[in-house]
Amino acid sequence: MTSLATAMAAAWPSGPVTVPVLVEADASGGDVAAWHGMETASSGLVSLAAASRSPLPAGSSVTLPSPENTGTGGHHPVLRHAVELSGGLQVVAAPSDPLKAGRAVEALARHPRLLKSGRVTVVDVGRAVPGSAGAALLCHADITVVVVEAGRVDQAERLRVCAPVLASLRQDGVRVGLAITGACPYPEAEISQIAGGLPVWARIPWDLSGAALVRGEHHPPQRIRDRLAAWHAHRRDPDSLEWMPLISAAKALAELCDDFDGLGLGVGQTRTLEVRAA
């Protein structure tokens, strides 16, 4: 699920006033820092949670990020706690320690205003158990994507049991949809029926190359011989990323969530996307 959230944030349509930020708010501990060799002892989610307890500086909630101020955080509060990965994605990483991560998520759940201060914030809440701090964050989202693994009877049952909770989010104005991972033989109408009427927004295939990319383990071939071999294997430009099924599916889902008309959001509104597991 963190792989999908990372890929979505990286593929999100960006512009001068739209700087997507991934916030890893998984109370069980983060993965991004370990993937990319980052230090999170006093930064990232921990520092964001500490800052959330203080009032926003004047004008922070209405001043949009620009190319001049995104590098240092400028007037976009969340960016002050983010690290830029090699591909350009801004990430607020959670510590791997579940105790520290859990405390930070609880603080953000009580004071979530910073998460809505930017134009696009993708929040990975992990497995959000009803009544938990991660689940509380869902109440403040504009859009929630529930990730369900195909063929997992336990996840299907958990989704069925949680359907009333997800329905309450929809009643509160949060758009909720499903992303099905892996090969799923069932039609979307049947899946939606089990999920209490939630629509299927995306089918996310298993993709080892795409997963390696978001973990920072994918390196395009450099030598001419290797590049020719890569092209022969995939019949694709080795520098392109969209041939990877995960990246292609994540981009399509990000574009759907960015569609103002399709999701009922007005132009100029901020969008907080929560990605959670069933």
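The crossing of helices α1 and α10 is right-handed, meaning that the near helix is turned clockwise from the far one by less than a right angle. The axes of α1 and α10 (residues 245-257) come within 8 Å and cross at roughly 65°. Axes here are lines fitted to C-alpha atoms, for helices over the stretch in contact, and angles run from 0 to 180 degrees between N-to-C directions.

From α1, the contact uses Ser 3, Leu 4, Ala 7, Met 8 and Ala 11. From α10, Leu 246, Ile 247, Ala 250, Lys 251, Leu 253, Ala 254 and Cys 257 take part. Contact means heavy atoms within 4.5 Å. Ten of these residues are nonpolar, one is polar and one is charged.

This is a predicted model, in which local features need pLDDT of at least 70 and side-chain atom pairs count only at pLDDT 80 or more, while totals for chains, interfaces and linings use all residues. Residues are numbered from 1 along each chain as its sequence is written, and side-chain values use heavy atoms, with hydrogens and water left out.

**The chain as a whole**

The chain has eleven helices and eight strands. Both are DSSP runs, numbered from the N terminus: helices are H or I with at least four residues, strands are E with at least two. Of the 278 residues, 50% are buried, that is, under 20% relative accessible area with a 1.4 Å probe, protein chains only. Among contacts with a separation of 6 or more, 74% join residues 24 or more positions apart.

A pocket is an open set of points on a 1 Å grid over the protein atoms alone, where a 1.4 Å probe fits, with protein on both sides within 12 Å along at least five of seven lines. Lining residues have an atom within 4 Å of a point.

There are 20 lining residues, and the closest to the centre are Met 1, Ser 3, Val 147, Thr 181 and Trp 206. The elements giving two or more residues to the lining are α1 (2-11) and β5 (143-149). By class, the lining has eleven nonpolar, four polar and five charged residues.

**Helices α3 and α4**

Helix α3 (residues 45-52) packs against α4 (residues 98-110) at about 35°, with the axes 8 Å apart. This crossing is left-handed. The contact has nine nonpolar, one polar and no charged residues. Nonpolar covers Ala, Val, Leu, Ile, Met, Phe, Trp, Tyr, Cys and Pro; charged covers Asp, Glu, Lys and Arg; the others, Gly among them, are polar.

Ala 49 lies in α3. Its C-alpha atom is 9.6 Å from that of Arg 110, 61 residues away along the chain.

Why does Ala 49 count as buried? Its relative accessibility is 2%. Ser 192, in helix α7 (residues 188-194), is also buried. The contacts below leave aside neighbours within four places in sequence.

| Residue | Relative accessible area | Contacts |
|---|---|---|
| Ala 49 | 2% | Ala 104, Ala 107, Leu 108 |
| Ser 192 | 16% | Gly 197, Leu 198, Pro 199 |
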